[in-house]
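Here are my notes on this model, point by point. Please read them with the structure open.

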Amino acid sequence: MLSQGRILANDLAGKIILVVGGGAGIGKATAELCAARGAMVVVADIDEAAASQVAAEVQGVAVQVDVTAEASVMALFAQIAARFDRLDALIQSAGVLKGAYMPVDEFPLETWRTVLDVNLMGSYLCVKHAVPLLRQSERGVIVLVSSGAAIGGSSSVAYGASKGGVNGLGITLANKLAPDNIRVNVVMPGNIDTAMKRSVIATDAEQRKASLESAVAAANLGLPDGVAKVLAWLVSDDADYVRGMISTR
């Protein structure tokens, strides 16, 4: 939640920004900040109630979406096209982490597929159907939320692999979409205080027979608001010269 009494720049005024995974965590914090900076925010999430709540708070638009189903993703962008005719920025932050601390030789194939489908294929589907609308913007921006786990190791082999794939997707897209004046950046957050991260910490604490409170304290978690500041800046015109991947704490 944004701090009270804080004066914010109006650098996103007039922009149409889609935050996928905007119902919770980093996505929610980003939707709030983008709206506070003047953007019209479309909040998309598989949790329709969560998306609706955030959209109501920021006076935006809520859309339920399953990023693993192309028909659902197509419907999301059809709604945006019908309402706004264009899209200025896509922030894709939807993701899951499953299979924490499972040995690779015991890792269930179904779990692997679920994580890759949401994190990597979901990113691809969102980009695929966002691009036609982003072309209608003078300065289209795509920001894919990856993870420090993509380059620093992960508790889940599937999660680490999927986020490494997101990095590769972003690098490839940056080159391919440059002629369309669409900028692509990848952001790799570190240990951030989200429900997903706390679930991983809880699994680790249980296995080590440690207290959850001490495990959370030892993790030195950052706040979603901190990452949101980076994401909101990246979709502003001030970040027009920024290229490639960015790591946060």
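1. Cysteine 126 is buried, at a relative accessible area of 0%. This is a predicted model, and it contains zero disulfides. A disulfide would need the two sulfur atoms within 2.5 Å. Cysteine 34 counts as buried too, because its relative accessibility is 0%.

2. Next, the largest nonpolar core. It has 35 residues, and Leu18, Leu87 and Ile142 touch the most other members. Several elements each supply at least two residues of this core, among them strand S1 (16-20), helix H3 (70-84), strand S5 (140-145) and strand S6. Which helix gives the most? H4 does, with eight residues.

3. There is also a second, separate core of 31 residues. Its members include Val19, Ala29, Val41 and Ala51.

4. Isoleucine 142 deserves a look. Neighbours within four places in sequence aside, isoleucine 142 is in contact with Leu90, Val127, Val131, Leu134, Leu177, Ile182, Arg183, Val184 and Asn185.

5. Strand S5 is mostly covered, with six of its six residues buried. Gly140, Ile142 and Leu144 sit on one side of S5, and Val141, Val143 and Val145 on the other. Both faces are covered. How does strand S4 (residues 89-92) run relative to S5, and how many bridges join them? The two run parallel, joined by four bridges. Glutamine 92 has leucine 144 of S5 as its bridge partner.

6. Asparagine 185 belongs to strand S6 (residues 182-188). Is asparagine 185 buried or exposed? Its relative accessible area is 0%, so asparagine 185 is buried. The side chain of asparagine 185 reaches the backbone oxygen of valine 242 at 3.4 Å. Beyond its neighbours within four places in sequence, asparagine 185 is in contact with Ile142, Val143, Leu144, Leu234, Val242, Arg243 and Gly244.

7. Glutamate 32 is a residue of helix H1 (residues 25-36). Glutamate 32 counts as buried because its relative accessibility is 6%, and the cut-off for buried is under 20%. What does the side chain of glutamate 32 make a polar contact with? The partner is the side chain of lysine 28, at 2.7 Å. Glutamate 32 and serine 236 are 204 residues apart along the chain, with their C-alpha atoms separated by 15 Å.

8. Helix H8 (residues 212-219) has two sides to compare. Ala215, Val216 and Ala219 are buried. Seen down the axis of H8, these buried residues fall within an arc of 100 degrees, so they line one face of the helix. They pack against helix H7 (195-208). Which residues are exposed on the other side of H8? Those are Glu213, Ala217 and Ala218.

9. One backbone detail follows. Just after H8, asparagine 220 takes a positive phi of about 50 degrees.

Notes. Residues are numbered from 1 along each chain as its sequence is written. This is a predicted model: local features need pLDDT of at least 70, side-chain atom pairs count only at pLDDT 80 or more; totals for chains, interfaces and linings use all residues. Side-chain values use heavy atoms; hydrogens and water are left out. Buried means under 20% relative accessible area, exposed over 50%, partly exposed in between (1.4 Å probe, protein chains only). A polar contact is a pair of N or O atoms within 3.5 Å; within protein, one must be able to donate a hydrogen and the other to accept it, and residues adjacent in sequence count only if both atoms are side-chain atoms. Contact means heavy atoms within 4.5 Å. The arc is that of the directions from the helix axis to the C-beta atoms. A nonpolar core is a set of buried Ala, Val, Leu, Ile, Met, Phe, Trp, Tyr and Cys residues joined through side-chain atoms within 4.5 Å. Two strands pair if DSSP finds at least two bridges between them.
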